[in-house]
Amino acid sequence: MWSEADKTGAEPGDRRSMAVLVDEALGYVFSAALRAVAAVGVADKLAGGPRTVAELAAQTGVHEGSLHRVLRLVATRGVVEELDDGRFRLTELGQALRSDVPLSARPAVLMLTDHTLWLPSGEMERCLREGGSVFGGIFGMPFFDYVAQDEQTATAFHDGMASFSDAENRPIAAAYDFPELGVVVDVGGGQGLYFFVT
């Protein structure tokens, strides 16, 4: 991963620019790895302390060699750390991937990397050339129609949106100067949330 300092001051077409852009183009691989470890619950298994890859593979029911490669990839972005003895530990950043912590990022990660968002993003060039959304062409119907008829996607979507709301609602409400009297209603889908700001 290149630092911000490495990304500036480079001549057009030089090696550094080429390396930075290739690194950015490979960003989807990290997103896929992050989804994989979130989906199988690796962070929850590491909550009690470092584990070997064999222990993690047995606890999550996945292939040991593949898990090792994916863990090493997410370690490059500081989600986990590989210790000298070969065990992996959860970093401070990685703690947010646990399902049992306040403000867990896990539902948001799973929503943002769900196939309903992943596949259309790969067709962005088509959007540029043709305009509009490609979702219907891939899934045969508009997004919210698909969510309404696919329970797994609906769960991922609603849990992910709730995760965003958990992180945003209180700071947004605290930043606004509400009148002393009155009722504020957020009309929409999802789970809803209410609280008093004092």
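Q: How do the residues lining the second largest pocket divide into nonpolar, polar and charged?
A: In this predicted model, the lining of the second largest pocket divides into 4 nonpolar, 3 polar and 4 charged residues. Among the lining residues are Arg35, Pro107, Gln152 and Asp159, and the elements that give two or more residues to this lining are α2, α6 (106–112) and α11 (151–175). The largest share, 4 residues, comes from α11, and the pocket holds about 200 Å³ of space.

Q: Why is the contact between the side chains of Arg129 and Glu125 called a salt bridge?
A: A salt bridge needs a side-chain nitrogen of Lys or Arg within 4 Å of a carboxyl oxygen of Asp or Glu. The N to O distance between Arg129 and Glu125 is 2.9 Å, so this pair meets the rule.

Q: What separates Arg129 and Glu125 along helix α8?
A: Because Arg129 and Glu125 are 4 residues apart in helix α8 (residues 124–130), they are separated by about one helical turn.

Q: What makes Glu123, Arg126 and Glu130 one network?
A: The side chains of Glu123 and Arg126 meet in a salt bridge at 3.9 Å, N to O, and those of Arg126 and Glu130 meet in another at 3.6 Å, N to O. Salt bridges that share partners join Glu123, Arg126 and Glu130 into one network.

Notes
Residues are numbered from 1 along each chain as its sequence is written. This is a predicted model: local features need pLDDT of at least 70, side-chain atom pairs count only at pLDDT 80 or more; totals for chains, interfaces and linings use all residues. Side-chain values use heavy atoms; hydrogens and water are left out. On a 1 Å grid over the protein atoms alone, a cavity is a set of points where a 1.4 Å probe fits but cannot get out, and a pocket is an open set with protein on both sides within 12 Å along at least five of seven lines; lining residues have an atom within 4 Å of a point. Grid points are joined across faces, edges and corners, and a volume is the space filled by probe spheres set on the points. Ala, Val, Leu, Ile, Met, Phe, Trp, Tyr, Cys and Pro count as nonpolar, Asp, Glu, Lys and Arg as charged, and the others, Gly among them, as polar.
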